[in-house]
Amino acid sequence: MKIMVTGGAGFIGSAVIRHIINDTSCHVLNIDKLTYAGNLNSVSSVSGSSQYSFKQIDICDSAALKSVFSTFQPDIVMHLAAESHVDRSIDGPDAFMETNIMGVYKLLEVTRGYWNQLPKDKKSNFRFHHISTDEVYGDLEGENDLFTETTPYAPSSPYSASKASSDHLVRAWHRTFGLPIVLTNCSNNYGPFQFPEKLIPHMILNALAGKPLPLYGKGNQIRDWLHVEDHARALLLVATSAPIGKTYNIGGHNEMQNVEVVHAICDLLEEIHPEKPEGINNYQNLITYVTDRPGHDRRYAIDASKIERELGWRPAETFQTGLRKTVQWYLDNKSWWQPVLDGNYHLNRIGKSGG
Ligand code: NAD
Ligand code: TDX
């Protein structure tokens, strides 16, 4: 089977590619623009495989997309490429509208053209899997409420509004043109190879450097954390076995306040890495409270019972086991994150071309 993964040099896309190459015989074409968030070092453990190839492509470039569809001939497209950071979408929404809305429109049109001309068998087995977020649902009022697949959309940030738009486009291409789609909405991911602008790696690396650990507002916002490798397993399961047109919410049943997450990171660092920068007695003392994010969603929590019931998926990691592994991974992999912090990892690109 041939799987085209968009955004495979990013955090979740690279976990999906490592999972496919390590655990299946499928062939993968990674297409990625290599924005600031794309890093081919995240797939270096599998990029030597004959199952792997890479093309540097912007999903807004229809001509380049047409060319790779025609040479690679995918059976499945797993679409992860996106601008993904809420704070950046507040500072500058342009790239979010371009990639997350126009890019998805361009990708859908090229996919439709390709799918329309496939022979009957290949056409009926083809899937376009759109990977989305729980942020499209906005935030939850009640302490016990959960997002289900039928929760109405109410996005708060430019990022989540752009992802909500893309979900609507994908469903419209299914309803109007019959494109065989599946869709997933997942909660906050954490784990290895995450760009250190996101909460967990940002806090780990700041703590190691003796820098402040900035919690927005009161730090009492709640997120539902899922280890990225559990997400990658869920995604491949949906892409290869979900019925056409279905949506699944994916989450880890790990609701935590941001301040609890940061305390847990500090406690793990005290245990595993007690050697602190000069002048720092305690990692917890680095915690500072800063101005809140505008429009900050208070609580997200996922009801993942549909994917558990219908496809038999369950997360393997608890937050305790997954966070410990993640802190240890950042301690062991300075060679990955130091070039990212220095901003010169673009010099280290090691992808193979082909298709
Ligand atoms: P990321 O920012 O780490 O990676 C995004 C990747 O997309 C990068 O490799 C980047 O180079 C690539 N990209 C960006 N614009 C592109 C373009 N125009 N053309 C081609 N490639 C482009 O993001 P992530 O955290 O891995 O998220 C992947 C997907 O999962 C996104 O669609 C995101 O909305 C969704 N998601 C993320 C989370 C999370 O917690 N990180 C949770 C739920 C859903
Ligand atoms: O320095 C920080 N201080 C802080 O308090 C950072 C970076 C974040 N936060 C807070 C904001 C959020 O409440 O921590 C929480 C998590 O923040 P992010 O890591 O930026 O994630 P979030 O905004 O929740 O969005 C993430 O989950 C859903 C991903 O970035 C999205 O791509 C995904 O769709």
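The legends below describe several close-up views of a predicted model.

Residues are numbered from 1 along each chain as its sequence is written, while chains are lettered from A and ligands numbered from 1 in the order in which they are written. Because the model is predicted, local features need pLDDT of at least 70 and side-chain atom pairs count only at pLDDT 80 or more, whereas totals for chains, interfaces and linings use all residues; side-chain values use heavy atoms, with hydrogens and water left out.

**View 1. The residues around ligand 2.** There are 20 residues around ligand 2, and those that come nearest are Thr133, Glu135, Tyr159, Arg293 and His296, where a residue is near a molecule if one of its heavy atoms lies within 4 Å of it. Sorted by class, this shell has seven nonpolar, eight polar and five charged residues; here Ala, Val, Leu, Ile, Met, Phe, Trp, Tyr, Cys and Pro count as nonpolar, Asp, Glu, Lys and Arg as charged, and the others, Gly among them, as polar. Helix H7 (199-209) and strand E8 (213-216) each supply at least two residues of the shell, with helices (H or I, at least four residues) and strands (E, at least two) taken as DSSP runs and numbered from the N terminus.

**View 2. Polar contacts to ligand 2.** A polar contact is a pair of N or O atoms within 3.5 Å; within protein, one must be able to donate a hydrogen and the other to accept it, and residues adjacent in sequence count only if both atoms are side-chain atoms. A polar side-chain atom of asparagine 188 lies 2.9 Å from an oxygen atom of ligand 2, and a side-chain N or O atom of asparagine 258 is 2.9 Å from an oxygen atom of the ligand. Tyrosine 216 instead uses a backbone N or O atom, which lies 2.9 Å from an oxygen atom of ligand 2. Taken alone, ligand 2 exposes 660 Å², and the protein buries 94% of that, with accessible areas coming from the Shrake-Rupley method with a 1.4 Å probe and, for residues, only the protein chains shown counting as cover.

**View 3. Strand E4 and the strands it pairs with.** Strand E4 (residues 76-79) is covered on both faces, since Ile76 and Met78 on one side and Val77 and His79 on the other are all buried, that is, under 20% relative accessible area, whereas exposed means over 50% and partly exposed lies in between (1.4 Å probe, protein chains only). Strand E1 (residues 2-6) runs parallel to E4 and is joined to it by four bridges, and valine 5 stands opposite methionine 78. Strand E5 (residues 127-133) also runs parallel to E4, with four bridges between them, and here valine 77 stands opposite phenylalanine 128. Two strands pair if DSSP finds at least two bridges between them.

**View 4. An aromatic pair between phenylalanine 193 and tryptophan 329.** The structure holds 16 aromatic pairs, in which rings of Phe, Tyr and Trp (its six-membered ring) have centres within 6.5 Å, and planes under 30 degrees apart count as stacked, over 60 as edge-to-face and the rest as tilted. Phenylalanine 193 and tryptophan 329 form a tilted pair, 4.6 Å centre to centre with 55° between the planes. Phenylalanine 193 lies in the loop between strand E7 (189-190) and H7 and tryptophan 329 in helix H11 (residues 319-332), so the pair ties together parts that are 136 residues apart in sequence. Both residues, phenylalanine 193 and tryptophan 329, are buried.
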